Amino acid sequence: MSDSATVRVQRTMPGFGALLWSSVFKSSGLHRIGAMLLMLSILALSAGIFLNFDGTAGPSLMEINIPWIDSLGINFHLAVDGLNVYLLLLTAILFPVVLACSWSAAPSRSRIFLALMLLLELGLIGTFLSQNLMLFFIFWEAVLIPMFIMILVYGGERAREAAMTFFLYTLAGSVLLLAAVILLGVESLHQTGQWSFEFSTLYGLQLGWGTQLFVFIAVVLACAIKCPIFPFHSWLPLAYCEAPFAGTALMAGALSKMGAFGLLKLALPLAPQVSAVMAPAMVLLAVVSILYGAVLALRQDDFKRLVAYSSLSHMGYIVLGIFSFQQTALHGSLFQMLSHGLSVAGLFLMLGLLEQRVGASYRNLTALAGQAPRLAVVLMLFILTSVALPLTSGFTSEFLILFGAFQHGMATWQAGSGTLPLIATVIACSGMVLGAGYMLRFARVILFGKGSGLGIHDLKPREAVAFLPLLLLIVWVGVWPAPIMAKAQAAVTQLTAQVTDFKHPIPLLASPLKVEEKVEENVMNNGGANGR
Amino acid sequence: MNQLTLIPILPLIGFLVNGLLGSRLPRWLVSVVACGLPALSFALTLSLFMGIASNGTPVIENLFTWGSTTGFQVDAALYFDQMAAVMCLVVTGVGTLIHIYSVGYMSHDRSFSRYFAYLNLFLFFMLMLVLGKNILMLFAGWEGVGIASYLLIGFWFEDPDKTAAGLKAFVVNRVGDTAFIIAAFLIFHFAGTLDFQGINAFFSASQPSLLMMNVIGILLLIGACGKSAQIPLHVWLPDAMAGPTPVSALIHAATMVTAGVYLLSRLSGVFLHAPGAMAVVAWGGALTAFLGATMGLTQYNLKKVLAYSTMSQIGFMFMACGLGAFQVAFFHLYTHAFFKACLFLGAGAVIHALHGEEDMRNMGALAKKIPFSFATFLLASLALCGVPPFAGFFSKDEILWSAWSSPNGSPVLWLVGTVTSFMTAFYMFRAIFLTFFGPCNVPEKVKKGIHEGPPSMSIVLGVLAFFSLVAGFVGLPGFWRELLGVSAPFYDFLAPVLGHAGEGAAADHHAEFILMVIAVLAALSGIFLAWLFYSRNRDWAVKAKEIAGHAHGLASRGYYFDPLYGRLVAAFDWVSESLLARRVEPAINNAIIEKPADGVSRTASIFSRLQTGNVQGYVLYVLVGLALILWWGVAHV
Amino acid sequence: MDRYQFLIALSGLIFSMGLLGVVIRRNLLVVMMCLEIMLNAVVLSFVTFAVRSQTLHGVAMTFFIYVAASCEIALAMAIVVLLVKRRGTLDLSAHQELKG
């Protein structure tokens with residue numbers, strides 16, 4: 001099994017290259033089908049990996065590790081582990097679904113668009129799978145380029161503004177991240193004697209208080225913008241509204257997960273002490289995001305803006321779960337990434353289909369239930385997932401997050417370390433009410449009412465088939481999450497251990513400063529030695 | 001797959017078949033699937049019930065592990081004990097009857113299959129709620145019935161009022177659900193499990209502080225209030241009458257709204273150790289019973305009268321729960337399911353006959369035109385009013401007796417209960433006199449078409465009326481048991497799970513008899529007054545209304561709960577639109593996007609001023625730069 | 001002050017004079033001449049160090065510099081001629097279009 005799986009991963013990446021090549025340069029009319037086939041084969045590979053991955057074997061099982069810039073410790077190191085296995089599946093599913101939905105839309109006919117989509121998929125999968133920090137950063141930034149072009153070229157009226165805002169904003173967030181990446185490489189040089197950006201090495205480093213703080217701030221800033229979390233969400237409504245709907249679905253479904261994933265992959269393990277200290281602040285931000293997004297979504301007339309703000313609210317849950325350092329909450333966050341990816345992509349695709357059918361007047365649509373029953377049912381299912389109805393993935397994830405956060409809050413309270421997490425969680429629970437409020441209001445406006453006689457075509461079989469995998473996964477996670485949870489269990493245990501090892505004796509002032517001084521001495525000494 | 005699993009699965013299959021293929025199937029097949037599968041569930045329940053009645057051991061079915069991680073495991077498991085058995089019988093039994101009734105009632109509707117799909121979906125979730133072995137399963141069913149109710153209230157989705165009512169029901173329920181889920185988290189924190197047996201065992205063995213117990217109790221109560229339409233979360237129930245009448249009968253009278261009582265009884269282990277919460281449950285129940293009845297007095301919409309009556313009766317059940325007499329609450333739940341379903345279906349027959357007219361002022365003199373519906377309606381009303389020997393008499397009387405005699409009870413509670421039952425009798429017979437007697441206010445056009453419903457409707461009415469008559473005999477109060485020398489199989493059956501709490505004080509049969517007589521007299525005088533006001537001398541009613549003045553206005557407007565919540569929603573909307581969208585969002589955009597962008601361009605304009613185009617100037621800059629670098633290098637060597 | 005120090009100081013002085021000329025003179029041709037003076041100062045320092053360290057690197061550099069300088073002046077003169085043709089003056093203040 002392990003061999004075949006390894007081969008699978010190895011084949012995934014070159015496959016992209018090949019396709020990029022063919023879709024950009026070959027002037028054949030079959031590029032759309034070619035892209036679809038490629039995405040489907042990636043889906044097949046990823047699904048195979050997902051099903052075979054049992055979580056207990058650790059990250060070494062399915063990986064490729066090719067030295068790239070050996071002297072700097074930068075390797076082309078990709079591997080599947082418990083944290084990224086959901087996201088791999090999510091990305092692999094979303095792309096063919098999105099392409100199928102925008103099959104007849106104008107952009108899908110152009111080779112550039114397809115190439116951009118594939119480049120995006122490459123960047124996303126690369127980000128999620130990379131086990132080398134520098135590689136991670138390269139993919140992280142590489143994702144911006146296709147997205148930027150996609151918004152700029154295929155976007156709406158204010159596409160230029162939206163693209164620039166999105167690009168500059170996210171770029172600004174990751175500038176500091178690059179500094180942190182380099183800093184970590186230098187740390188590794190000082191502590192182990194050689195350059196290394198491998199996560200496995202970096203996790204083992206003893207980082208001083210100041211270094212951790214810098215890394216934490218850099219990572220959180222980059223991720224908070226990417227997610228986004230309040231108050232870094234300004235680019236979100238504009239970008240989501242102006243991007244072509246395929247782009248929006250991918251941005252909301254997969255791109256925003258990079259931020260949450262970055263928090264899990266970088267912030268917690270690399271800066272565990274600072275994470276523990278900063279957790280209340282992050283929880284507060286998360287809760288503010290939840291409520292802020294939800295309240296704003298209550299009164300949005302533009303459906304896309306509404307879903308965009310709901311997305312802000314749902315991303316808040318993920319962050320809440322991550323910073324609760326609690327196994328159930330972490331499981332919940334992982335599920336929420338998957339679940340939100342599926343539901344929000346589904347919602348945006350639905351809106352996109354409507355936009356395709358009636359143009360810009362989709363904003364005034366109403367009474368779909370009477371005119372296009374199949375479409376209405378699918379839309380309703382996505383809405384209910386978003387409302388976190390039991391038996392959908394939304395419930396599984398939000399329940400686990402709130403459950404874990406609450407247990408964490410109670411534990412913190414009883415340990416005498418403040419009631420903030422507890423109160424924040426209880427307030428976050430009220431997001432359930434608001435969520436039901438704005439989503440069902442949305443449903444009421446768009447689905448119910450008297451027919452407006454626009455003559456909406458119902459879902460075509462192609463489109464219906466495209467939504468099927470999303471819905472199946474939603475129901476699977478909702479009804480029987482245990483087998484999926486088992487895949488992430490090892491990673492979650494490891495992650496909580498990494499954080500909670502440091503958690504209780506919080507060395508706020510005394511020891512970390514000393515450590516930091518020593519580190520600085522090291523830096524000076526080593527730096528001098530290198531210089532000579 | 002064993003019997004127990006099949007009970008909820010069968011309606012689910014019905015939902016899938018009707019939901020996915022229904023529009024292509026012939027109507028008779030849709031009806032057969034929709035009614036046959038619940039009937040099958042009922043048969044299975046019955047056979048399991050026989051088993052549990054004979055050997056007394058609960059049936060447990062572990063399906064799969066829902067989710068597990070370190071220190072947390074929840075199984076998808078079903079649990080069929082005595083309490084679940086009673087609920088299950090009611091749900092599948094009444095549910096099947098109402099499905100059959102609906103075949104006739106909905107026969108003219110375009111979305112026939114969609115209706116039955118929703119109804120089957122509701123049954124699935126309700127059975128999941130009832131059979132769930134742990135809080136998570138119950139909660140899944142709990143929210144599920146909420147969504148089924150949402151879909152069914154807004155079933156005629158072309159009417160914006162109806163969809164708004166569905167929305168309101170779901171959101172108000174969600175408020176309760178949020179409290180419920182927080183209570184579940186708290187329970188897990190202490191007990192370390194979500195399993196009902198584990199929870200009850202844990203809390204009877206050791207309790208955290210009294211405050212915590214009360215907090216848990218109150219939170220659970222809020223959850224139950226949402227689902228069971230208790231004050232202050234009752235506002236959705238009257239609006240929920242927008243749904244088709246059989247739906248009101250099934251969901252908003254017989255089964256779903258009583259889920260709160262089921263929840264309280266399921267977690268009786270928690271409540272018995274939370275005296276404060278118990279008192280709130282009891283007094284809150286009494287308050288709802290009373291206010292519900294006063295609101296029922298003033299309504300003209302036939303279904304809304306029944307809705308307020310439902311609210312009021314569930315208030316009685318809550319009162320019994322709060323007094324620790326869970327088995328009595330359950331008994332009332334069980335009898336109430338029959339007579340209230342019968343009342344709603346009777347009202348449905350009236351509405352069906354009048355082609356959708358619901359206002360009682362436009363009815364009258366229908367007793368002769370639809371005698372069978374009238375007879376069943378009358379029987380069920382008598383049961384509701386607590387006139388012996390109908391079913392409601394035994395259960396309501398037992399509740400009143402508990403209010404008087406139980407250690408937590410008080411004469412005031414009893415008095416409130418008795419006054420409420422007087423008002424109940426009054427408003428029910430007010431409805432009967434307005435609807436079935438007096439002058440006929442039905443428009444001429446409709447008048448000719450008045451007819452009894454199809455056989456499927458009448459049979460169901462008959463069966464339910466029959467049960468309204470006899471269902472009470474399985475749980476005779478202590479006084480009657482002694483008098484007749486029989487036992488109360490209902491209480492004996494539930495004893496293993498709910499105990500005989502509250503029965504201990506029943507020794508004083510003398511007092512019990514006197515109270516019983518007073519309650520019956522109250523009910524009869526209510527009926528008499530209604531006759532006086534609405535049949536004999538209609539002017540009196542108008543005069544009474546004038547005398548009541550503000551009180552009448554208060555009650556008929558639902559004590560201004562709706563405007564209050566309307567304000568709350570408006571406040572949220574204001575925050576959303578006027579504060580966040582207009583003020584905060586632009587401010588954040590300004591601070592995070594525009595300000596930095598401005599800063600960059602302003603700095604750029606400063607530097608661009610250096611660029612004069614004069615070559616010599618540039619050389620000078622180079623010179624200065626060079627000099628600075630040299631200086632820095634010299635200084636740092 | 002030995003002769004090396006003297007020569008380096010001289011080269012610095014000439015360089016500074018050239019620089020000053022480039023910055024303050026108005027006449028294009030004079031500016032060009034000053035540029036050449038600066039180059040010569042650099043060459044002088046190269047040669048001085050070459051002699052001092054007894055290596056040939058500095059001397060070799062001189063040839064490269066002169067080759068580069070002659071190419072440069074050939075191009076520069078062409079540019080000057082074009083500029084003068086455009087404005088009819090050698091005054092630098094007339095040529096202020098070098099904006100990005």
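**Helices and chain contacts**

Let's start inside chain A, where A:Leu402, A:Ala405, A:Phe406, A:His408, A:Gly409, A:Met410, A:Thr412 and A:Trp413 of H17(A) meet A:Pro421, A:Leu422, A:Thr425, A:Ala428 and A:Cys429 of H18(A). Contact here requires C-beta atoms, placed from the backbone, within 7 Å, and helices are DSSP runs (H or I, at least four residues) numbered from the N terminus. By class, this contact has 9 nonpolar, 4 polar and no charged residues; Ala, Val, Leu, Ile, Met, Phe, Trp, Tyr, Cys and Pro count as nonpolar, Asp, Glu, Lys and Arg as charged, and the others, Gly among them, as polar.

This is a predicted model, in which local features need pLDDT of at least 70 and side-chain atom pairs pLDDT 80 or more, while totals for chains, interfaces and linings use all residues. Residues are numbered from 1 along each chain as its sequence is written, with chains lettered from A and ligands numbered from 1 in the order written.

How do the two helices lie? The axes of H17(A) and H18(A) are 7 Å apart, at an angle of about 155° (axes are lines fitted to C-alpha atoms over the stretch in contact, and angles run from 0 to 180 degrees between N-to-C directions). The pair is therefore roughly antiparallel, a term for angles over 145 degrees.

Conventions:
Angles under 35 degrees count as roughly parallel, over 145 as roughly antiparallel, 65 to 115 as roughly perpendicular and the rest as oblique. Two residues are in contact if their C-beta atoms, placed from the backbone, lie within 7 Å.
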